[in-house]
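Me: I have a protein model open and would like to go through it piece by piece. Can you help me read it?

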Amino acid sequence: MPKGIKKINPMENKEPKLNFPPIKLRAQQQGDRTLVFDQVRGMYVVLTPEERVRRYLVAYLISHCGVPLRSIVEEYPVELNGMAQRADVVVFGPDAQPWLLVECKAPDVKITQETTLQATRYNAVVGARYVILTNGLLHYCYEKTEEGYLSRPSFPQFG
């Protein structure tokens with residue numbers, strides 16, 4: 001394997017196997033922390049359990065949903081009631097409008113009604129057509145319609 005590339009083995013890290021296809025992460029150690037390269041932000045970030053889910057999700061959006069890398073924004077600023085918040089991932093469509101909003105949680109965090117409310121509050125500001133909630137093990141995808149948020153059986157295809 002090329003220098004600077006480390007395949008993250010869930011068994012080594014005692015992390016659960018995520019419900020995404022396997023990926024290779026470019027990683028490096030910094031003291032007792034593992035850093036992984038985030039191709040969206042163009043920098044190394046600390047590999048927390050939530051960040052691990054985000055890395056797998058972004059890779060899946062690119063490889064299986066046809067999302068161009070340039071359409072993805074991470075840590076997208078959202079202002080709610082005068083307070084600065086951040087959506088984990090926002091994908092912009094070909095029309096440069098928000099198309100998909102994603103809320104990522106660590107694998108040991110359950111996707112609850114509160115998670116859904118958090119994502120829909122963010123989306124009330126962002127205005128994306130689709131909302132995905134994931135902890136890497138379970139994924140929930142919704143489409144915003146005039147009737148409300150309708151559950152979808154799979155992630156949408158870009159374009």
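Reply: Start with pLDDT, which is the predictor's confidence in each residue, from 0 to 100. This is a predicted model, in which local features need pLDDT of at least 70 and side-chain atom pairs count only at pLDDT 80 or more, while totals for chains, interfaces and linings use all residues. Residues are numbered from 1 along each chain as its sequence is written, and side-chain values use heavy atoms, with hydrogens and water left out.

Me: What average pLDDT does the protein have?

Reply: The average is 91, and 92% of the residues score at least 70.

Me: Where does pLDDT stay under 50?

Reply: Over residues 1–6. For that stretch the model has 11 contacts beyond four places in sequence, a contact being heavy atoms within 4.5 Å.

Me: OK, strands. How do strand 1 and strand 2 run?

Reply: Antiparallel, with four bridges joining strand 1 (residues 27–30) to strand 2 (residues 33–38). Two strands pair if DSSP finds at least two bridges between them. Strands (E, at least two residues) and helices (H or I, at least four) are DSSP runs, numbered from the N terminus.

Me: Which residue is the bridge partner of alanine 27?

Reply: Valine 36, in strand 2.

Me: And what is between the two strands?

Reply: Two residues, in a hairpin. Glycine 31 in the turn has a positive phi of about 65 degrees.

Me: Is cysteine 141 buried or exposed?

Reply: Buried, with a relative accessible area of 4%. Buried means under 20% relative accessible area, exposed means over 50%, and partly exposed is in between (1.4 Å probe, protein chains only). Cysteine 104 is also buried, at 0%.

Me: How many salt bridges are there in the whole structure?

Reply: A search finds 13. A salt bridge here is a side-chain nitrogen of Lys or Arg within 4 Å of a carboxyl oxygen of Asp or Glu. In general, side chains of opposite charge can pair when their charged atoms come close.

Me: Which residue does glutamate 51 meet in a salt bridge?

Reply: Arginine 41, at 3.3 Å from N to O. Glutamate 51 is in helix 1 (residues 49–65), and arginine 41 is 10 residues away, in the loop between strand 2 and strand 3 (43–46). Glutamate 51 counts as buried at 6% relative accessibility, whereas arginine 41 is partly exposed at 30%.

Me: What about arginine 54, which partner does that one have?

Reply: Its side chain meets that of aspartate 88 in a salt bridge (4.0 Å, N to O). Aspartate 88 lies in strand 5 (residues 83–92) and arginine 54 in helix 1, so the pair ties together parts 34 residues apart in sequence. Both residues are buried.

Me: And arginine 55, which side chain does that meet in a salt bridge?

Reply: That of glutamate 74, at 2.7 Å, N to O. Here helix 1 is linked to strand 4 (residues 72–80), with the two residues 19 apart. Arginine 55 and glutamate 74 are buried too.

Me: Which residues do the shared partners join into one network?

Reply: Asp38, Arg41, Glu51, Arg54, Arg55, Glu74, Glu75 and Asp88.

Me: What does the side chain of asparagine 135 reach?

Reply: The backbone nitrogen of leucine 137, at 2.9 Å. Asparagine 135 sits in the loop between strand 7 and strand 8 (139–145) and is buried, at 4%.

Conventions:
A polar contact is a pair of N or O atoms within 3.5 Å; within protein, one must be able to donate a hydrogen and the other to accept it, and residues adjacent in sequence count only if both atoms are side-chain atoms.
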